[in-house]
Amino acid sequence: MATPKQPVTVPTDASVDDFLAAVSDERRRADAERLGTILREVTGEPAVMWGPSIVGFGSYRYTYASGRTGDWPLAGFSPRKQHLVVYLVGGFEERHASVLARLGPHKTGKGCLYLKRLDDVDESALRELIDRTVRVHKGVERTTDRGQ
C-alpha cells in the first residue's frame, strides 16, 4: 500500500540568521537581510526556515482540486546564486500586472519573482506585491488587478 508523500519544504528549527550569514556573496547576503526585514514588516510575522533554503513568514493552508492539502509561507524568499527568489501568490503576474510594471527589472515564474538586485527595484511596489500576496493567502483579497 502506498503511503502519502511527505512535503520536503516544511518549517524547521534552523536559524534564519545562520542561514543568511552563510550566503557567500556579500551583496546577495545584504540584499537577503534587507528583504527579510521588508517581509517581516509587511507580513507582521517572524522569519522561519522552511526546508534548507527558504525563509518564510507566516503560513497558510492550501488545498488542491485533488483534495491534497499542505502548508506554505504567506510569503518568503531564497537568496539563490543568480537571483533573490521571492515566493508570492500563484498567478501574481496577471493578478498584479500594474504593480509589476512599476517594480523595475525582474523575471517571473509560477508564484516566483526573480530579482537580481534589491536596489534596482521600486521598494514600494515590492512591498505592495508582498502585501497583496498575504491578503490573498489570508482570503482577504480575491479580486484581480487587470491593469488598474
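The buried residues of α2 pack against α1, β2, β5, β6, β8 and α5. The model described here is a predicted one.

**Helix α2**

The buried positions of α2 are R28, D31, A32, L35, G36, I38, L39, V42 and T43. Viewed down the helix axis, these buried residues fall within an arc of 165°, so they line one face of α2. An α-helix has 3.6 residues a turn, so residues three or four places apart point the same way.

The length of α2 can also be checked. Its 18 residues, at 1.5 Å a residue, should span 26 Å, and the C-alpha atoms at its ends are 26 Å apart, which agrees. At the start of α2, the backbone nitrogen of R27 has a side-chain oxygen of D25 to within 3.2 Å. After α2 comes G44, which has a positive phi near 75°.

Strand β2 covers residues 54–57. I54 and G56 point one way from this strand, V55 and F57 point the other way, and all are buried. In a regular strand the side chains alternate between the two faces of the sheet.

| Strand pair | Sense | Bridges |
|---|---|---|
| β1 (residues 47–50) and β2 | antiparallel | four bridges |
| β2 and β5 (residues 75–79) | antiparallel | three bridges |

Towards β5, F57 stands opposite A75.

In soluble globular proteins, nonpolar side chains tend to be buried together. In this model the largest nonpolar core has 33 residues, and those with the most contacts inside it are L103, L113 and L115. At least two residues of this core come from each of α1 (16–21), α2 (26–43), β2, β5, β6 (84–87), α4 (97–103), β8 (112–115) and α5 (123–137). The largest share, six residues, is supplied by α5.

L115 shows how separate parts of the chain meet: leaving aside residues up to four places away in sequence, L115 touches R28, H83, L84, V86, L103, P105, H106, V121 and L126. R28 is also among the buried residues of α2. Another core, of five residues, lies apart from the largest one and includes I54, V85, Y87 and C112. I54 is also one of the buried residues of β2.

Note on methods
Residues numbered from 1 in each chain as written. Predicted model: local features only at pLDDT ≥ 70, side-chain atom pairs only at ≥ 80, totals over all residues. Heavy atoms only, no water. Buried < 20%, exposed > 50% of the residue type's maximum accessible area, 1.4 Å probe, protein only. Pairing = 2+ DSSP bridges. Core = buried A, V, L, I, M, F, W, Y, C linked by side-chain atoms within 4.5 Å. Contact = heavy atoms within 4.5 Å. Expected span 1.5 Å × (residues − 1). Arc of directions from axis to C-beta. Polar contact = N/O pair within 3.5 Å; in protein donor to acceptor, adjacent residues only side chain to side chain.
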